[in-house]
Amino acid sequence: MLPPVNSAHRRTLGPIATPNRLLLGPGPSNAHPTVLQALARTPIGHLDPLYVELMGEVQELLRYAWQTDNRLTIPMSGTGSAAMEATLANTIEPGDTVLVAIKGYFGLRLADMAGRYRANVVTIEKPWGEAFSLAELEEAVAAHKPKILAIVHAETSTGICQPMDGIGDLCRQHDCLLLLDTVTSLGAVPLYLDAWKVDLAYSCSQKGLSCPPGLGPFTMGPRAEAKMMARQGKVPNWYLDVTLLNQYWGSDRVYHHTAPVNMNFGMREALRLLADEGLEAAWARHRCNAERLWAGLERLGLELHAPEHLRLPTLTTVRIPEGVDGKAFTLHLLNQHGIEVGGGLGALAGKVWRIGLMGYNSQPENVDQLLNLFETELPAFRPAAAPAAVAV
Ligand SMILES: Cc1ncc(COP(=O)(O)O)c(C=O)c1O
């Protein structure tokens, strides 16, 4: 006889009924409608020859999106942080010096993760709203002689795009790997991994690629692969071990974990749309819509946090005007208009709003709708003007 079932946690729920929000925050961004259709297809087996063919298509289109020929280019099962962790887990050996150039929240995360893999983590920092100059990086690389320099290309916490000129050459001169976070740039901001001599990079599915969250594109160049293959011990993370994963993604097709097949259907569709549009056109669209947003916000008297020459087209940081309750305004946008805009993170918490125009959402209609709301609804959130002094 089976014991009676404990029903304390049983709930009777209706089917899921989430509203259609317009996601103009730091991510996730809305998925393209045909990506949603692809996700809803009946799953097929993860070793089905048709799926194996799709894996190859996804890899090839990721290489296009990143402008790389790297053999080891795969979507990690997991979010951007899983792919971030994969770059570190596979290449760090205990005691390796890893230099992390921190100019926002995600640089801090890189440093934390590298430490967990027992790297000797050295950091250099810039205020949140600035980028590193080549000279600053050069000085740190020469002083610390790291095995890896890790830096964020598109810092989502600040809206800053790191200029990449010369960093790859610098790393080659010092026999150091260059690791780049492209979570908020892939598919939306110019990226030339091979020309920039980037050895390791990662991204996410839910921003410039117009997919829901769930996959973390990962790529590793030959220099990083050589370091991984020469390591003394096993990669200290079984799930993200590229030497094992490559037996599934490479020609052997050996089972590692059950691939999230539907997420990869969505990724294939997202990358297909990107290739159809063309990278140059996608980058230009993001730039054009971002400029429309910046001009509109400035016309309304709002101040942008990032200097124009370093501004990311995908993520705009807007300073919250004096006396305005920034959180109350974003809640109003969400509850009354179904639009999500982000708040500040870390050092910028309470100081900025973060507006994302990424992938499918980078459209002029979305910009205009948001600007219109800033114009008509923000005044109610400003402090009442002090009554004019009356002369007696
Ligand atoms: C620059 C950057 N790096 C890493 C991540 C982590 O990605 P995820 O949240 O998909 O794990 C994010 C997330 O927004 C990000 O913006």
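The model is predicted, and the points below are grouped by topic. In brief, 14 residues surround the ligand, three strands form an open antiparallel sheet, and the buried residues of helix α10 line one face of that helix.

**The shell around the ligand**

- The ligand is surrounded by 14 residues, of which the closest are Thr79, Gly80, Ser81, Thr156 and Val183.
- By class, the residues of this shell divide into seven nonpolar, six polar and one charged.
- Helix α3, which covers residues 80–91, gives the most to the shell, contributing three residues.

**The open sheet**

- Three strands form an open sheet in the order β11-β14-β13, and their pairing is antiparallel.
- The edge strands, each of which pairs on one side only, are β11 (315–319) and β13 (342–343).
- Strands of a sheet pair through backbone hydrogen bonds, in either a parallel or an antiparallel sense.
- Between β13 and β14 (residues 352–356) the antiparallel pairing runs over two bridges, and Gly342 has Arg354 of β14 as its bridge partner.

**Helix α10**

- The buried residues of α10 are Ala282, His286, Asn289, Ala290, Leu293, Trp294 and Leu297.
- Seen down the axis of α10, these buried residues fall within an arc of 145°, and they therefore line one face of the helix.
- An α-helix has 3.6 residues a turn, so residues three or four places apart point the same way.
- The face of α10 turned away from the buried side carries the exposed residues Glu280, Ala281, Ala295, Glu298 and Arg299.
- The partners against which the buried residues of α10 pack are α9 (261–277), β11, β14 and α12 (364–377), and two of these partners, β11 and β14, also belong to the open sheet.
- Gly301, which follows α10, has a positive phi, near 85°.

- Ser157 is found in the loop between β6 (154–155) and β7 (160–161).
- Ser157 counts as buried because 28 other C-beta atoms lie within 10 Å, where 20 or more are required.
- Leaving aside residues up to four places away in sequence, Ser157 touches Gly104, Tyr105, Phe106, Trp128, Leu345, Gly346 and Leu348.
- Ser157 and Glu291 lie 134 residues apart along the chain, and their C-alpha atoms are separated by 19 Å.

Note on methods
Residues numbered from 1 in each chain as written. Predicted model: local features only at pLDDT ≥ 70, side-chain atom pairs only at ≥ 80, totals over all residues. Near = placed C-beta within 6 Å. Helix = DSSP H or I, 4+ residues; strand = E, 2+ residues; numbered from the N terminus. Nonpolar A, V, L, I, M, F, W, Y, C, P; charged D, E, K, R; others polar. Pairing = 2+ DSSP bridges. Buried ≥ 20, exposed ≤ 12 C-beta atoms within 10 Å, placed from the backbone. Arc of directions from axis to C-beta. Contact = placed C-beta atoms within 7 Å.
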